[in-house]
Number of protein chains: 2
Amino acid sequence: MRERWVPDARRSAVADAVGRLLTRGHGTFPGMREIAAEAGVTTGTLQHHFATKDDLLLFALDHHCRRCADRLKARSAQDLPSPRRALAAIVTELLPLDDDRAAETSVAKAFVSRAATDPGFAAHYRAQREILLGLLGEQFGRAGTPDPAAAATILAQAVEGMRTDCLLLGPDAVDVDAVLDRLLPPSSSPEETA
Amino acid sequence: MRERWVPDARRSAVADAVGRLLTRGHGTFPGMREIAAEAGVTTGTLQHHFATKDDLLLFALDHHCRRCADRLKARSAQDLPSPRRALAAIVTELLPLDDDRAAETSVAKAFVSRAATDPGFAAHYRAQREILLGLLGEQFGRAGTPDPAAAATILAQAVEGMRTDCLLLGPDAVDVDAVLDRLLPPSSSPEETA
DNA sequence: CCACCTCCATTACGACTGTAATGTAACAGA
DNA sequence: TCTGTTACATTACAGTCGTAATGGAGGTGG
């Protein structure tokens, strides 16, 4: 019998396929047939669930952004003990250290060029950035950092660079603790490593 | 009569056309005919000067990287007075604040996705990064910052984020001084604004 | 049973892709 | 002047692109 699919599950599966293709793919956006093959369906299925390719791509971007944002919120709500730990958890959550996060990073990178001209894609970048700034600023405020919003902005920008460094140069190229050491006053959280 | 072209000048003109198309284009790499039209030539000219499209793209990447690196070295050799000023000059030089720098930024961003899988493109990222780390580290060392190499790494990563923020959100979204305030000990260069 | 709808596979089409092939001016050296 | 080379322009071609069109299978309400 035909498999039972919650409609959104099918769309999400396709979005995951896009992420996988983007991570191990040749950089540019994959074609419809390639997406269909990766998702184990045909182009007809894609056409049935997405009006156009841009619609599909936009959904994939939204899908990965949402997954990432959900994980971030869960992380920052859970790791209460010290703001330093929370910041490290948030930053690490954004680095491409496993397949899921590598897909999210590749998706984000691939869509940046698109976002430079297409306002629909730029909106996602802005939204994702706002969420991240909020979470980071909250922790900086808890740590007693002066002007926590500015500190959050800088860390968010550094995270952008850490993501590409990690993606292109490997996980050893980034040092989260070194970044936090410079951005957090050392007096506010001494001897964390107990 | 036929125009006199130093061969490299023609290739550079084509590379500039790629940069222009990438800045105002739809994000993805432009086609050969589009490049030819922008450069004011035909596809035959492109085929004569470049073996393949990837060769052309690689040359364009190298062209913009070299231009940017040359400007950076000139900048950091000229602005000796204070390391803080030198760092600000280097960072600002990398932001997409005019057409040339916007092209370089767009080129860099567009090639990041490609570099994730293609080692030829990744080499350029690595090389450009090494140059930047050297210049930044030198100034941090002059400023007396402890572990200047680590500080340079962090600033380089922050620059990556500042470039995308500036590209997608506009020049007002980045504040170079705010970043330098956090990464430089304020005691090392007091009252710079004279 | 009959319509009707959703879900999906197949086929087809026109536009576009990078590149090979070919032709042609202009100039250089002999 | 003949020849060769450089520097193009033009045309052609095989392939891929996104998507429109069509059809069929299964479930559902009447």
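**Close-up 1. Helix 3 of chain B at DNA strand D.** In this predicted model, helix 3 of chain B gives the most to the surface near DNA strand D, with five residues. Helices are DSSP runs (H or I, at least four residues), numbered from the N terminus. Local features need pLDDT of at least 70, side-chain atom pairs count only at pLDDT 80 or more, and totals for chains, interfaces and linings use all residues; side-chain values use heavy atoms, without hydrogens and water. Residues are numbered from 1 along each chain as its sequence is written, with chains lettered from A and ligands numbered from 1 in written order.

**Close-up 2. The surroundings of DNA strand D.**

**Close-up 3. Side chains at the phosphates of DNA strand D.** A polar side-chain atom of T52(A) lies 2.3 Å from a phosphate oxygen. For an N or O atom in the side chain of K53(A), the distance to a phosphate oxygen is 2.3 Å. For a polar side-chain atom of H49(B), it is 3.1 Å.

**Close-up 4. L155(B) in the largest nonpolar core.** This core has 58 residues. L155(B) is among those with the most contacts inside it. Contact means heavy atoms within 4.5 Å. Not counting residues up to four places away in sequence, L155(B) touches L87(B), V91(B), L136(B), F140(B), V179(B), L180(B) and L183(B). A nonpolar core joins buried (under 20% relative accessible area, 1.4 Å probe, protein chains only) Ala, Val, Leu, Ile, Met, Phe, Trp, Tyr and Cys residues through side-chain atoms within 4.5 Å.

Key:
Buried < 20%, exposed > 50% of the residue type's maximum accessible area, 1.4 Å probe, protein only. Polar contact = N/O pair within 3.5 Å; in protein donor to acceptor, adjacent residues only side chain to side chain. Helix = DSSP H or I, 4+ residues; strand = E, 2+ residues; numbered from the N terminus.
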